[in-house]
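Have the sequence and the 3D view open as you read.

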Amino acid sequence: MNKRIPRIGIGGPVGCGKSMLIERVVPILAKKNYQISIISNDVISQEDADRMRQNLATDQGLLPENLVIGLATGGCPHTAVREDPSINLSVIEQLENEHSNLDLIIIESGGDNITTTFSPALADYFIYIIDVSGGDKYPRKRGLGIETADLLVINKIDLAELVNANLDVMERDAKIVRKNKPYALVNCKTDQGIDTVVQHIIEDVLFDQPPKKMVTSVK
């Protein structure tokens with residue numbers, strides 16, 4: 001029986017920056033020799049998966065193209081990662097059988113703050129993303145994603161001034177609502193805050209274990 005590969009669920013509303021976050025995080029992890037696969041859930045298209053495959057696999061060669069997988073769920077994507085994650089679990093089982101050298105599987109799914117969480121049978125760690133354009137009231141409006149995520153990412157902080165959002169207020173409310181669970185302020189365009197997200201992944205999901213590729217090389 002193959003050992004379970006650690007899994008991260010990344011969720012958030014359409015346009016919040018889920019794919020962009022993955023495209024910023026993966027190169028840093030890849031440079032540290034971690035082997036990664038990405039599963040992107042959408043209703044009827046595979047547009048996000050196609051873009052990540054182009055940017056990360058084809059253009060940068062950071063992972064094989066067949067390790068960026070697009071799933072057209074045919075319904076609300078959050079259902080496929082929470083109520084009935086069978087389609088994702090089937091793909092993961094195949095990955096674990098065929099690519100036992102993987103260090104991490106990232107599962108992306110859209111969905112609003114009320115409904116988006118990941119089944120514990122699917123993801124070991126849950127990152128929820130919101131963006132500043134929703135206003136500085138966003139964290140205090142609560143919801144499953146904001147309250148229960150292992151890591152809350154507040155993206156597009158460069159837009160704060162343009163939309164009259166107060167980042168100090170967002171930080172204050174995130175601390176209150178999340179009872180001091182971690183959060184990160186991020187600008188994916190400049191990589192500001194990305195190192196913080198990567199550090200949480202390495203410490204909280206990979207538990208500071210070296211990449212399997214490096215362990216194999218040592219042997």
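## Starting at Pro 210

Is Pro 210 buried, partly exposed or exposed? With a relative accessibility of 44%, Pro 210 counts as partly exposed. Here buried means under 20% relative accessible area, exposed means over 50%, and partly exposed lies in between (1.4 Å probe, protein chains only). Pro 210 sits in the loop between helix 7 and helix 8 (212-218). Helices (H or I, at least four residues) and strands (E, at least two) are DSSP runs, numbered from the N terminus. Although Pro 210 and Asn 33 are 177 residues apart along the chain, their C-alpha atoms are separated by 8.5 Å.

## How to read the numbers

This is a predicted model, in which local features need pLDDT of at least 70 and side-chain atom pairs count only at pLDDT 80 or more, while totals for chains, interfaces and linings use all residues. Residues are numbered from 1 along each chain as its sequence is written, and side-chain values use heavy atoms, with hydrogens and water left out.

## Salt bridges

How many salt bridges does the structure hold? There are 9 salt bridges in the structure, each one a side-chain nitrogen of Lys or Arg within 4 Å of a carboxyl oxygen of Asp or Glu. One of them pairs the side chains of Glu 96 and Arg 7, at 3.5 Å from N to O. Glu 96 belongs to helix 4 (residues 86-98) and Arg 7 to strand 1 (residues 7-12), so this pair ties together parts that are 89 residues apart in sequence. Glu 96 is buried at 10% relative accessibility, and Arg 7 is buried at 5%.

Arg 82 and Glu 83 form another salt bridge, with their closest N and O atoms 2.5 Å apart. Arg 82 is partly exposed, at 24% relative accessibility, and Glu 83 is partly exposed as well, at 48%. Now look at Asp 173 and Arg 172, whose side chains meet in a salt bridge of 3.0 Å, N to O. Asp 173 is buried at 5% relative accessibility, whereas Arg 172 is partly exposed at 44%. Through salt bridges that share partners, Arg 140, Arg 172 and Asp 173 are joined into one network.

## Along helix 1

Helix 1 (residues 18-31) is the place of Glu 23. Glu 23 is buried, at 10% relative accessibility. What does the side chain of Glu 23 make a polar contact with? Its partner is the side chain of Arg 51, at 2.9 Å. A polar contact is a pair of N or O atoms within 3.5 Å; within protein, one must be able to donate a hydrogen and the other to accept it, and residues adjacent in sequence count only if both atoms are side-chain atoms.

Val 26 is also found in helix 1, and Val 26 is buried at 1% relative accessibility. From Val 26 to Ala 72 there are 46 residues in sequence and 22 Å in space, C-alpha to C-alpha. Ala 30 is another helix 1 residue, buried with a relative accessible area of 18%. The C-alpha atoms of Ala 30 and Arg 4 are separated by 20 Å, with the two residues 26 apart along the chain.

## A patch of negative charge

Which residues gather in a patch of negative charge on the surface? They are Asp 150, Glu 203, Asp 204 and Asp 208. Patches are made of residues with over 30% relative accessible area and no salt bridge, with like charges joined within 9 Å and nonpolar side chains (Val, Leu, Ile, Met, Phe, Trp, Tyr) within 5 Å. Within this group, Glu 203 lies in helix 7 (residues 194-205) and is partly exposed, with a relative accessible area of 38%.

## Two loop residues with positive phi

Most residues other than glycine have a negative phi. Lys 156 has a positive value, near 60 degrees. Lys 156 is placed in the loop between strand 6 (151-155) and helix 6 (167-177), and Lys 156 is partly exposed at 26% relative accessibility.

Asp 191 also has a positive phi, near 70 degrees. The loop between strand 7 (183-185) and helix 7 holds Asp 191, which is partly exposed with a relative accessible area of 37%.

Note on methods:
Accessible areas come from the Shrake-Rupley method with a 1.4 Å probe; for residues, only the protein chains shown count as cover. Lys and Arg count as positive and Asp and Glu as negative; His and the chain ends are not counted. The place of a charge is taken as NZ of Lys, CZ of Arg, CG of Asp or CD of Glu.
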